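Please look over the sequence and the structure below before reading on.

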Amino acid sequence: MKIKEFENTLLSIKIPSNIKFEQKAQLSEPINKIVEDLMPSRLYHFRQCSERNFAAFYDEQVWVSRGTDMNDDFDACLYYDDKKIVDWLDSFYDTKNNLKILDYIKTAKNVPKEMQQLFPNAEIFFDAIQQLTLEDIKKVSLGFKEYVKANLPESLKMITAQIQGGVKFACFSQNVKSAMMWGHYASDGTGFALGYDFRNGNLNECSACPKLGQECFYPILCHIYPVIYENKRYDATDYAIYMFQYKLLVDTFNRYGVAVAQQWIDQIVPCPDIQMLSKIAIHKSLEWKPEKEWGLFYTNTNPQSVNEAHSFMRKKPVAVYLGRKISAINEKILKDIAKEKGIECYKMDINSNSQSYILRAVRQKI
């Protein structure tokens, strides 16, 4: 029931990008509270045995990947309703098929203050529109609609790829005793899993890092949500419309050689919900429900990180779990790391006295 409460709360709250930080924090509070209540004492990250994964364990790195690099083709994949988008476009036109904004400017006496604040040369644009004849307005309106509809399919395709390739996250499971998880994500039980404690909002080590404010000025921001499993894809049409508006505005300015500051564009077309990428990514097919996943989402304002296929944050695990069929040499390597870091070590086993298909974790001496 708590997961349903989380879903209802998350989907009912929209956090626009153009409000103050305090307001964003206030709107996020009900979501954070439910996540805290749902958070188990440990979440598990399954790994194959490799030099790279051993090094990440030793260096306390949690790597995040893009949606395009995940094993589910639908991970962070945008779904939108074509008809809703066409209806949205039509809403900008009056009964005579003219753009409403042109009709408004044609009859307005003064340049709106909002337009003056956003555009230094708003008066020139305003005067030019007022000089248009009714026939000109119709021609401009129809031309704009034809241009938009002609570019809409390709633009939405690009937006979908941009979203799936832009959001970065790591997947965790609530269940370390699942033979299926060990089979799928830990090389048929020959790998290992790391247990993490994310309670109390303790998601990474960034805030305690001595480099922050000295050598590093780009703190890594993270949030973690349980995955919602449903038989229908999440409808993100509103976000697709926002992204299309944003792209259309930028393309229009570029086409006419108009230099506009990024903050102006953000004011003209503010993001309606800064959590939308997370909402898209945490919705998955019911086929994946047995995995009992949580998604840890990664944000870094460092411009270089945008182009990285993979990034990492630092977080110390509280325990390591060895696969039932792990090799002797890999078991020794992982036990040595666990001993040096002072964390618990377990090994998975089958309980021969139980009819259950659930593995058990046996504490190891290290």
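A charge is taken to sit over a ring if NZ of Lys or CZ of Arg is within 6 Å of the ring centre and within 35 degrees of the ring normal. By that criterion the charged end of lysine 145 sits over the ring of tyrosine 93, at 4.2 Å from its centre, and the charged end of lysine 341 sits over the ring of tyrosine 58, at 5.0 Å from its centre. The model is predicted, and for that reason local features need pLDDT of at least 70 and side-chain atom pairs count only at pLDDT 80 or more, while totals for chains, interfaces and linings use all residues. Residues are numbered from 1 along each chain as its sequence is written, and side-chain values use heavy atoms, with hydrogens and water left out.

In one of them, phenylalanine 6 and tyrosine 225 have ring centres 5.4 Å apart and planes at 55°, so the pair is tilted. Because phenylalanine 6 lies in helix α1 (residues 2–12) and tyrosine 225 in strand β5, this pair ties together parts that are 219 residues apart in sequence. Helices (H or I, at least four residues) and strands (E, at least two) are here DSSP runs, numbered from the N terminus. Both phenylalanine 6 and tyrosine 225 are buried, a term for under 20% relative accessible area, with exposed meaning over 50% and partly exposed in between (1.4 Å probe, protein chains only). Elsewhere, Tyr44, Tyr321 and Tyr346 form one aromatic cluster.

Strand β5 (residues 220–226) pairs with β8 in the antiparallel sense over seven bridges, and isoleucine 220 has asparagine 300 as its bridge partner in β8; strands count as paired if DSSP finds at least two bridges between them. Strand β3 (residues 168–173) also runs antiparallel to β8, joined to it by six bridges, and serine 173 has glutamate 293 as its partner there. Seven of the eight residues of β8 (residues 293–300) are buried, so this strand is largely enclosed by the rest of the structure.

Most residues other than glycine have a negative phi. Alanine 76, in the loop between β2 (61–66) and α4 (82–90), has a positive phi near 60°, and at 1% relative accessibility alanine 76 counts as buried. Aspartate 188, in the loop between α9 (179–185) and β4 (192–196), likewise has a positive phi near 60°.

Notes:
Rings of Phe, Tyr and Trp (its six-membered ring) pair if their centres lie within 6.5 Å; planes under 30 degrees apart count as stacked, over 60 as edge-to-face and the rest as tilted.
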